[in-house]
Amino acid sequence: MRPVKDLLVEEYWNIAFREYTEENSIVNSPKGKTEFKLMKPNKRYWYADPFLFEKDGKTYLFVEAFDNMTEVGVIAYSEYIDGGFTEPEIVLKEKFHLSYPYVFEKDGKIYMMPETHEDNCIQLYEAVDFPKSWKKAEIEVQNIDAVDTVIENGMFIASVICPEKDMSIDLAVFDEDGKELPYSPVYKKSLEKRGAGICFDHKGFRCRPSQGCLDGIYGGKVILNKITKCDAEGYAEEAFAEIIPDNIEIPINAVPTGIHTYARSSKIEIVDVKLKRSNVQRLIWIAKKKLG
């Protein structure tokens, strides 16, 4: 349970988004201020880890919805309509925490690979009725405390939690059969390499976002890394830009204090931002719901 002071004045996450072209992307000019819209907040959930997926001319958003009643993350989806996102709808729950809903298509099927480190594995879920219904498909890597995994060039790039409680990770790479490659991990005890979203094309190269967690601060910034090598022989990347909370201008009287995920589709780019709010009325609402 969280301390009382954290319940009365809560730090929470929400989704900020904007329409864009590659020319005006925040990735090109992260040193200034860029205007973003905010998703409408919810009394029960806060939202983080945004992933975008396009299908049949529609844009879908998948997020971690952190349930303030159970204090466990579940997965929700929303659709982009008329310049905004619909209210997120829960589509996947487990007995353990879920987050980081990386959705992708392979061989005509749509899969989700959420963070399932509390189940000690990396596993896939297959869409039964996209986007609302999912079933467990297969475990890709077993017995691993991995978070924020993505797939690039057929390989799993996973952030393996280090024993120290300082937000550091080992960046490990596994082949399509779930076997760790000989050169892995490529970075050890790093505070700047934890995954921060799906890899994407940018100005002729592939980019992997990562989290900057210097001084153990979760969500300090998003680092954009140019992938220079990604195959069975090795993996390498070099940072070329970063996005910090001060770069995000939102339409409320608040300044983001954190950011840790970036995503884009063909027309939208999106981040999650950490904010603060007075929490008394929402706390009363949650208490009434629990007492039922």
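Trainee: Let's start with Asn153: buried or exposed?
Mentor: Asn153 is exposed, with a relative accessible area of 54%. Keep in mind that this is a predicted model.

Trainee: And where does Asn153 sit?
Mentor: In the loop between β13 and β14 (155–161).

Trainee: OK, what about the peptide bonds? Which ones are cis?
Mentor: I can point you to two. A cis bond joins Phe130 and Pro131, with omega about 0°, and Pro131 belongs to the loop between β11 and β12. The bond from Ser184 to Pro185 is also cis, with omega near 0°. You'll find Pro185 in the loop between β15 (169–174) and β16 (187–190).

Trainee: Switching to strands. How enclosed is β19?
Mentor: Strand β19 covers residues 205–212, and seven of its eight residues are buried, so it is largely enclosed by the rest of the structure.

Trainee: Which strands does β19 pair with?
Mentor: Strand β17 (residues 194–195) runs antiparallel to β19 and is joined to it by two bridges. Strand β18 (residues 200–202) pairs with β19 in the antiparallel sense over three bridges. Strand β20 (residues 221–231) is another antiparallel partner of β19, this time over six bridges.

Trainee: What's in the turn between β18 and β19?
Mentor: Those two strands form a hairpin with two residues between them, and Lys203 in the turn has a positive phi of about 50°.

Trainee: You mentioned Arg206. What does Arg206 form a salt bridge with?
Mentor: With Glu152, where the closest N and O atoms are 2.9 Å apart. Glu152 lies in strand β13 (residues 146–152) and Arg206 in strand β19, so the pair ties together parts that are 54 residues apart in sequence. Asp201 comes in as well: salt bridges that share partners join Glu152, Asp201 and Arg206 into one network.

Trainee: How accessible are Glu152 and Arg206?
Mentor: Glu152 counts as buried at 8% relative accessibility, while Arg206 counts as partly exposed at 29%.

Trainee: How many salt bridges are there in the whole structure?
Mentor: A search finds twelve. One of them is Glu94 with Lys136, with the closest N and O atoms 3.7 Å apart. That pair links distant parts of the chain, 42 residues apart: Glu94 is in the loop between β8 (89–92) and β9 (99–106), and Lys136 is in strand β12 (residues 133–142). Glu94 is partly exposed at 24% relative accessible area, and Lys136 is partly exposed at 47%.

Trainee: Which side chains make polar contacts with Gln123?
Mentor: The side chain of Asp119 is joined to that of Gln123 by a polar contact of 3.0 Å. The side chain of Tyr125 makes one as well, at 3.5 Å.

Trainee: Last topic: how much space lies in the largest pocket?
Mentor: About 750 Å³. Its lining counts 29 residues, and the closest to its centre are Trp13, Trp46, Phe66, Tyr218 and His260.

Trainee: Which element gives the most to that lining?
Mentor: That's β1, with four residues. The elements that give two or more residues are β1 (9–19), β4 (45–55), β5 (58–67) and β24 (268–278).

Terms used
Residues are numbered from 1 along each chain as its sequence is written. This is a predicted model: local features need pLDDT of at least 70, side-chain atom pairs count only at pLDDT 80 or more; totals for chains, interfaces and linings use all residues. Side-chain values use heavy atoms; hydrogens and water are left out. Buried means under 20% relative accessible area, exposed over 50%, partly exposed in between (1.4 Å probe, protein chains only). Two strands pair if DSSP finds at least two bridges between them. A salt bridge is a side-chain nitrogen of Lys or Arg within 4 Å of a carboxyl oxygen of Asp or Glu. A polar contact is a pair of N or O atoms within 3.5 Å; within protein, one must be able to donate a hydrogen and the other to accept it, and residues adjacent in sequence count only if both atoms are side-chain atoms. On a 1 Å grid over the protein atoms alone, a cavity is a set of points where a 1.4 Å probe fits but cannot get out, and a pocket is an open set with protein on both sides within 12 Å along at least five of seven lines; lining residues have an atom within 4 Å of a point. Grid points are joined across faces, edges and corners, and a volume is the space filled by probe spheres set on the points.
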